[in-house]
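Dear colleague,

Please find below the structure that I am handing over to you. My notes on what was found in it follow.

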Amino acid sequence: MMCGPTYLALLSSGKVTPRSMFDTKGGVYGDVRDHNWRRGGFGEISLERALCVWSQVTFAMGKDYVYRGNETAYEAQVRAYLADNPNKAMGILTFYNAIANNGCMVKIVSEGEDGIVLQEQIAESEHIKALQVGLEHAVSEGLYRKASNDKVNVSACGRIFITKGNHRRMELCGYFPSEAPQYTIMVVLEKEGLPASAGSMCGPILSSTIDLLVNLYGVQKSAED
């Protein structure tokens, strides 16, 4: 899920735009591989499309292009976006909740507690908007289609990593309705071995949870949809 903060870090440099193109060739770049590398990768792809299909190679290439030789600057930029929250479930949830909130980051608190603003604006509004568009496309036409819902538009992103031994942890973070978010949700699953897919396994749970909230509270798409 670090593609989101990385996307903002790349755009903030002024060296790339969402339409900047990268040739990922066969989907392998050093020790980074795209999820479809066995099928030939994505080839030449724009940065905004990479967000939609979650091309890790594109972001690795973009990071090298913009920050090669200055890893410290990249890390400082990402830390600023995360407001020093750890790269763990609650930290990631806090970040994507800020994206849903147009860049205003608040501390995740228990029901009934007062919210605390951690950062009024974590990034430029235009870059936040570009990331919002990419996250919506990731569900409507990208890697996380199974998180989609026929009642509201959904935005989401996910990741998989090995925790210990042969155990895979899958995380999917999403918010809805995309055009005027009211809820941010994170689904976390852990299982042994393969297959393991944040989109295919966490996506339906996210969609079902959205159904429940829509039925309880009557959340609807905007009149423009």
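How many residues has helix α3, and how far does α3 reach from its first C-alpha to its last? Helix α3 (residues 56-67) has 12 residues and reaches 16 Å, close to the 16 Å expected at 1.5 Å a residue; the expected span is 1.5 Å times one less than the number of residues in the helix.

Before the remaining findings, a note on their basis. This is a predicted model, in which local features need pLDDT of at least 70 and side-chain atom pairs count only at pLDDT 80 or more, while totals for chains, interfaces and linings use all residues. Residues are numbered from 1 along each chain as its sequence is written, and side-chain values use heavy atoms, with hydrogens and water left out.

Overall architecture

The protein has 7 helices and 9 strands (DSSP runs numbered from the N terminus: helices are H or I of at least four residues, strands E of at least two). Its radius of gyration is 17 Å, close to the 17 Å that the globule rule gives for 225 residues, so the protein is as compact as a globular protein of that length. Here the radius is taken over C-alpha atoms, and the rule is 2.2 Å times the number of residues to the power 0.38. Along its principal axes, the C-alpha trace spans about 50 × 40 × 40 Å.

Buried residues make up 45% of the 225 residues (buried means under 20% relative accessible area, exposed over 50% and partly exposed in between, with a 1.4 Å probe and protein chains only). Of the contacts between residues at least 6 apart in sequence, 57% join residues at least 24 apart; a contact means heavy atoms within 4.5 Å.

Helix α3

The buried residues of α3 include V57, F59, M61 and Y67. After α3 comes G69, whose phi is positive, near 85°.

Helix α6

The 16 residues of helix α6 (residues 125-140) should span 22 Å at 1.5 Å a residue, and the end C-alpha atoms of α6 are 23 Å apart, which agrees. Among the buried residues of α6 are I128, L131, L135 and V139. The buried residues of this helix pack against α1 (3-12), α2 (47-53), α5 (89-100), β7 (155-162) and β8 (167-176).

H127 lies in α6 and counts as buried because its relative accessibility is 12%. Leaving aside neighbours within four places in sequence, H127 is in contact with L8, L11 and S12.

Yours sincerely
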